[in-house]
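Here is a short tour for anyone who would like to get to know this protein from the inside out. Please have the sequence and the 3D view open side by side as you read.

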Amino acid sequence: MNNLRILVINGPNINMLGIREKDIYGKTDYSDLVAFIEAQAAKMGIKADCFQSNHEGDLVDAIQKAFGKYDGIVINPAAYTHTSIAILDALKAVDLPAVEVHLSDISQREDFRQISYAGRACEKTYMGLGFEGYKKALEYLKEGLSK
Ligand code: DQA
């Protein structure tokens, strides 16, 4: 089988890792996250591409373009998790296996973080594990797609 192709999408303010609310999101920055994902993916024989945007429509475009090009999606929609039906609909439209990741444990945070729209189109959610959540998401997709 050819290498699995996974698109890893990160939403708004994930580019501010290392600067934003370090007590919640840690001291490592977005380039560290990309390096971590690429290294983990390489070990698993996955071809992972990382995309980050602060704009909802760009995230929708990225999901749409994944159709026919990628085997699965890992997504941390960040704040759009809790507001975006457009991202939910895009995930449903392409119907690729998708896994939701959050660096922090949103279940233990503010009320407004308790709803995840995107999560309704995802097979699995990893939260509160920091970078490790992305690794687990890749492992989950690899396992499911190798069957
Ligand atoms: C986040 C959690 C969201 O509630 C928040 O808006 C983010 C990051 C996380 O990775 O923990 O920006 O998705």
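The largest nonpolar core has 26 residues, and those with the most contacts inside it are Val-8, Leu-33, Ile-37, Ile-46, Val-74, Tyr-134 and Leu-138. Keep in mind that this is a predicted model. At least two residues of this core come from each of strand S1 (4-10), helix H2 (30-44), strand S2 (46-52), strand S4 (98-102) and helix H5 (132-145). Helix H2 gives the most, with seven residues. For a closer look, pick Leu-33: leaving aside its neighbours within four places in sequence, Leu-33 is in contact with Asn-10, Ile-14, Leu-17, Phe-131 and Tyr-134. There is also a second, separate core of 21 residues, and Ile-9, Leu-88, Ala-98 and Ala-121 are among its members.

**The ligand and its surroundings**

Which residues surround the ligand? They are Arg-20, Tyr-25, Asn-76, Ala-78, Ala-79, His-82, His-102, Leu-103, Ser-104, Ile-106 and Arg-113.

| Residue | Protein atom | Distance to a ligand oxygen atom |
|---|---|---|
| Arg-20 | side-chain N or O | 3.0 Å |
| Ala-79 | backbone N or O | 3.2 Å |
| Leu-103 | backbone N or O | 2.8 Å |

Taken alone, the ligand exposes 330 Å², and the protein buries 98% of that area.

Ala-78, in the loop between S3 and H4, has a positive phi near 50 degrees although it is not a glycine. Most residues other than glycine have a negative phi. With a relative accessible area of 12%, Ala-78 is under the 20% limit and so counts as buried.

Helix H4 covers residues 85-94, and its buried residues are Ile-87, Leu-88, Ala-90, Leu-91 and Val-94. Why do these line one face of the helix? Seen down the axis of H4, the buried residues fall within an arc of 160 degrees, so they share one face. They pack against helix H3 (56-66), strand S3 (72-76) and S4. On the other side of H4, Lys-92 and Ala-93 are exposed.

Both ends of this helix have a feature to find in the viewer. At the start of H4, a side-chain oxygen of Ser-84 comes within 3.4 Å of the backbone nitrogen of Ala-86. Just after H4, Asp-95 takes a positive phi of about 50 degrees.

Asn-13 sits in the loop between S1 and helix H1 (22-25). Asn-13 is not a glycine, yet its phi is positive, at about 75 degrees. Is Asn-13 buried, exposed or partly exposed? Its relative accessibility is 36%, between the limits of 20% and 50%, so Asn-13 counts as partly exposed.

Ser-53 belongs to the loop between S2 and H3. At 5% relative accessibility, Ser-53 is under the 20% limit and therefore counts as buried. A polar atom of the Ser-53 side chain lies 2.9 Å from the backbone nitrogen of His-55. Leaving aside neighbours within four places in sequence, Ser-53 is in contact with Asn-10, Gly-11, Pro-12, Asp-58 and Leu-59.

Definitions and conventions. Residues are numbered from 1 along each chain as its sequence is written. This is a predicted model: local features need pLDDT of at least 70, side-chain atom pairs count only at pLDDT 80 or more; totals for chains, interfaces and linings use all residues. Side-chain values use heavy atoms; hydrogens and water are left out. A nonpolar core is a set of buried Ala, Val, Leu, Ile, Met, Phe, Trp, Tyr and Cys residues joined through side-chain atoms within 4.5 Å. Buried means under 20% relative accessible area, exposed over 50%, partly exposed in between (1.4 Å probe, protein chains only). Helices (H or I, at least four residues) and strands (E, at least two) are DSSP runs, numbered from the N terminus. Contact means heavy atoms within 4.5 Å. A residue is near a molecule or strand if one of its heavy atoms lies within 4 Å of it. A polar contact is a pair of N or O atoms within 3.5 Å; within protein, one must be able to donate a hydrogen and the other to accept it, and residues adjacent in sequence count only if both atoms are side-chain atoms. Accessible areas come from the Shrake-Rupley method with a 1.4 Å probe; for residues, only the protein chains shown count as cover. The arc is that of the directions from the helix axis to the C-beta atoms.
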